[in-house]
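Dear colleague,

Please find the structure below, handed over for your use. My notes on what was found in it follow directly after.

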Amino acid sequence: MAENTNTPESDTQAAAPQTHVAPGPHLSDRKLSTRRMMVDVIIGLLPVTVAAVIMFRRYALLQLAVAIGGCLAAEALFACMRKRRPTLGDCSAIVTGMILALSLPWNTPVYVGLIAAFIAIGIGKMVFGGVGYNLFNPAMVGRAFVMLAFAGAVGAPAYVEAGDVGELRDKMPWLESLGAMPAQYAEAPDGGADTVSAATPMTAKKMKDAGEEGGFLTKFKNLAVGNTIGSLGEVSAIACLLGGLYLCLRRTASWEIPAGAIGAVVILGGIGNLMDPSSGWTVLDDLAGGALLFGAFFIVTDPVTSPLTPKGKLIFGVLFGALVMLLRGYSNYPEGVMFAVLMVNAIAPLLNRWTVPKPLGGPAPIPVK
Amino acid sequence: MAMATTTPTSGKRTFRHGIHPPERKGLAADAVIEVLPTPARVKIPLLQHIGAPCSARTKPRQEVALGETIGQADAFVSAPVHASITGTTAMPSAVTIPNGRHMQAIPIKAADAQELAGKALLKDILGGDWPTSGLSQHSPEAIVEAVRAAGLVGLGGAGFPTHVKLRRNDDKPIDTVLVNGCECEPYLTADYRMMVEAPGPVVSGAMLAAHACGARNVVIAVEDNKPLAIDTLGKAAKGTDVGIVELRTKYPQGGEKQTVQAALGRTIPGGGLPLDVGVVVVNVGTAASIARAVLRGKPLTHRVVTVTGHGIVKPRNVLAPIGVTYGELIDFAGGLKDGAARIIAGGPMMGFTIGSRDYPVTKGTSGITVLTEDDVAKARETHCVRCGRCVDACPMNLVPSRLALASRNKQWDIAKRYHAFSCVECGCCAYVCPASIPLVQLIRLGKAQMPREEKKA
Ligand code: SF4
Ligand code: SF4
């Protein structure tokens with residue numbers, strides 16, 4: 001709203017400083033800004049990033065550089081095309097890039113990472129009008145696109161085929177000492193340690209459930225610490241919790257969303273456990289395995305694509321958790337976080353409509369003029 | 001700490017949501033109330049309250065004495081105005097008051113001799129003994145009439161005529177008088193100084209108000225950032241049934257709905273008033289004026305105004321006559337500093353900036369806050385990132401971002417669905433918004449522009 005310097009009456013005796021009128025409130029909380037929130041997310045992502053770098057070293061750094069660089073370049077490019085001031089300063093492109101990189105496998109080809117970044121910013125964000133207007137989480141839009149278009153390179157089979165145990169050992173000899181070779185974290189594989197594939201914990205479980213050779217269950221300890229194969233950001237549950245709690249404490253992420261998601265997984269996973277107590281896979285593995293925590297704390301909490309009201313956020317989180325469990329259990333994919341994010345994003349506007357809070361004391365009647 | 005003794009209060013001492021802006025009360029908190037030297041001229045607006053304007057009762061060039069009625073209230077919801085200095089009237093002329101309204105005012109040119117000024121005036125208004133017993137000798141009708149004749153209106157800013165609130169109404173019996181000493185606006189300290197320096201009239205006035213409206217309980221609510229006030233009030237209320245409730249400091253606790261919620265645990269229905277839940281809320285300054293009107297028969301001619309802010313050379317609390325200009329008060333406080341950017345009537349959250357130093361002080365002027373460029377600096381507006389912080393801050397439990405967007409796009413059906421008319425315009429939403437969106441400003445605009453049914457004549 002424009003400030004105007006108006007002087008309805010003579011103002012001749014006014015002292016030297018020129019004062020102006022403007023509508024209140026005249027103070028604002030300067031500790032809060034869009035940029036500060038984004039920086040918070042970056043800080044929150046650090047533990048996960050560090051864990052990824054410890055695990056995958058130069059491969060992780062490469063993915064991060066490609067995705068962040070790609071997102072920044074795309075943001076600048078599209079802003080120029082729309083003849084808008086580039087909004088690089090708000091750091092949101094960096095956040096998108098980090099989340100994208102952390103959701104990719106370590107061996108993603110560079111061109112695939114770049115394409116994902118451009119799709120994320122271009123289709124995921126800019127066509128909607130930039131930050132604040134997008135309906136879907138940009139990083140997940142980019143991730144979904146390459147997942148479908150380059151299934152061989154970044155889909156579930158990528159982990160198994162592109163990186164069989166031998167190749168893993170060749171390229172990342174340090175995995176052995178981290179205890180992160182699949183054979184080290186496999187818990188009682190059906191045909192003995194030799195048959196263990198290089199699958200991620202979630203894929204290995206899916207394979208085992210399907211009775212395929214090479215399937216196995218992963219030890220909980222490894223899921224928690226993160227010394228397993230998987231997408232860069234999903235490996236360490238502890239790192240996700242650490243960064244996630246920081247975000248919730250800073251209130252940059254709304255606690256209702258991860259709480260709802262974790263609650264849903266605990267309940268659904270608990271029911272699964274009760275129905276099949278001998279499976280060897282517990283609720284804790286449901287929580288720590290795959291990208292659930294990463295998604296619950298860092299992806300679905302993206303404020304732009306989640307509901308505004310506390311009640312809406314809780315329902316949103318619960319739906320997310322339930323969808324993840326559903327997709328894990330019944331879809332062809334071993335993990336369901338990405339599709340679950342996109343699906344709940346689509347219903348966030350509806351949740352907003354359904355959860356209009358009741359004003360204190362009930363709605364005031366509309367006064368007559 | 002003197003806590004409520006006999007008075008049942010079931011409030012949680014706080015309310016939901018709200019914000020913690022910087023208090024900045026230290027600037028003027030320790031400045032003892034000073035009396036403004038009698039100004040050469042005052043201009044007394046004929047409408048300083050919610051309701052019908054007064055009609056002028058004086059002719060131009062008429063001699064008037066301090067306290068003489070110069071504007072009489074003909075309607076029920078109205079309040080008379082009185083000469084705040086002794087002198088000679090002039091032709092009524094138009095003035096603008098800070099909320100932007102233009103109206104008639106009666107100018108008075110000061111006589112050379114003023115019967116009351118300086119220390120004597122201060123003593124007359126706040127000093128002396130204020131009895132807390134034997135008050136029932138005043139009949140409720142007499143109290144209401146004295147309050148009406150004294151021109152009392154809410155001194156917290158809203159300016160609703162006090163006598164209307166105190167009148168007994170058998171449909172809506174009142175059980176509690178709640179004296180609002182929250183003063184939750186940052187910077188302002190007028191009520192605080194009143195509670196510290198003159199707790200006597202506050203307590204007496206509260207008891208008189210309770211007697212008038214038939215309330216059994218009297219509660220004074222003070223935020224816990226004012227321990228000295230809680231202490232002095234506690235001492236003044238010793239031996240009476242008046243309870244002091246210490247509320248946890250938060251903005252906008254002084255809002256009627258929030259004070260009643262926090263202090264008494266009662267929720268005022270949407271669009272309703274405190275009397276709907278059996279409560280009459282009066283500001284501390286109003287309570288003191290009630291005592292003065294009833295016990296001393298004196299009208300409301302002066303009020304304490306905080307002149308403060310980092311744009312003021314010497315922040316002060318000033319006892320000023322109604323009708324003196326803002327400019328004179330600013331000069332009395334040393335004038336503006338370089339870098340002064342906005343002169344605000346009231347506090348920084350809900351006050352209005354004034355465009356001229358010639359605006360007159362009215363009964364509702366609680367303070368003049370001068371902010372600097374640095375204070376008001378704000379980041380560029382960006383898009384709403386739907387962070388929900390405005391939702392978490394809104395004391396009325398609304399969705400400000402949605403309301404503001406609806407106002408901006410003139411989507412009145414959405415504005416109604418999201419309860420635009422429940423907004424109390426406290427400004428919490430705009431204060432917290434990380435995208436610097438002028439939320440309350442947009443909502444306010446929307447409320448004003450929204451097509452509504454005309455009042456049936
Ligand atoms: S605080 Fe501002 S940015 Fe956040 S949801 Fe409200 S309007 Fe949008
Ligand atoms: S919407 Fe209205 S009541 Fe709610 S915080 Fe904003 S100004 Fe205050």
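In chain B, helix 15 (428-432) and helix 16 (439-449) each supply at least two residues of the shell around ligand 2. Helices (H or I, at least four residues) and strands (E, at least two) are DSSP runs, numbered from the N terminus. The shell around ligand 2 holds 13 residues, and the closest are B:C394, B:C423, B:C426, B:G427 and B:C429; a residue is counted as near if one of its heavy atoms lies within 4 Å. Sorted by class, this shell has 11 nonpolar, 1 polar and 1 charged residues. In this scheme Ala, Val, Leu, Ile, Met, Phe, Trp, Tyr, Cys and Pro count as nonpolar, Asp, Glu, Lys and Arg as charged, and the others, Gly among them, as polar.

Please note that this is a predicted model, in which local features need pLDDT of at least 70 and side-chain atom pairs count only at pLDDT 80 or more, while totals for chains, interfaces and linings use all residues. Residues are numbered from 1 along each chain as its sequence is written, chains are lettered from A and ligands numbered from 1 in the order in which they are written, and side-chain values use heavy atoms, with hydrogens and water left out.

The loop between helix 15 and helix 16 of chain B contains B:S436. Phi of B:S436 is near 55°, a positive value in a residue other than glycine. B:S436 counts as buried, because its relative accessibility is 9%; buried means under 20% relative accessible area, exposed over 50%, and partly exposed in between (1.4 Å probe, protein chains only).

A positive phi is also found at B:R24, where the value is near 50°. B:R24 lies in the segment before helix 1 (26-29) of chain B and, at 28% relative accessibility, is partly exposed. A further backbone feature is the cis peptide bond that joins B:Y251 and B:P252, with omega about -5°. B:P252 is placed in the loop between strand 12 (242-247) and helix 8 (256-264) of chain B. For context, most residues other than glycine have a negative phi, and most peptide bonds are trans.

B:R24 is also one of the residues touched by B:H310, the others being B:L27, B:Y187, B:K337, B:V370, B:T372 and B:D375, not counting residues up to four places away in sequence; contact means heavy atoms within 4.5 Å. B:H310 sits in the loop between strand 14 (302-308) and strand 15 (316-321) of chain B, and its relative accessible area of 33% makes B:H310 partly exposed. Although B:H310 and B:L27 are 283 residues apart along the chain, their C-alpha atoms are separated by 8.0 Å.

Turning to the interface, chain A contributes 60 residues and chain B 82 residues to the contact. The two chains bury about 6100 Å² between them, 55% of it on carbon and sulfur atoms; buried area is the accessible area (1.4 Å probe) that two parts lose on being put together, summed over both. Between chain A and chain B there is 1 salt bridge, defined as a side-chain nitrogen of Lys or Arg within 4 Å of a carboxyl oxygen of Asp or Glu. B:D392 forms a salt bridge with A:R251, with the closest N and O atoms 3.2 Å apart. On the side of chain A that touches chain B, helix 1 (34-81), helix 16 (310-330) and helix 17 (337-354) of chain A each supply at least two residues.

Yours sincerely
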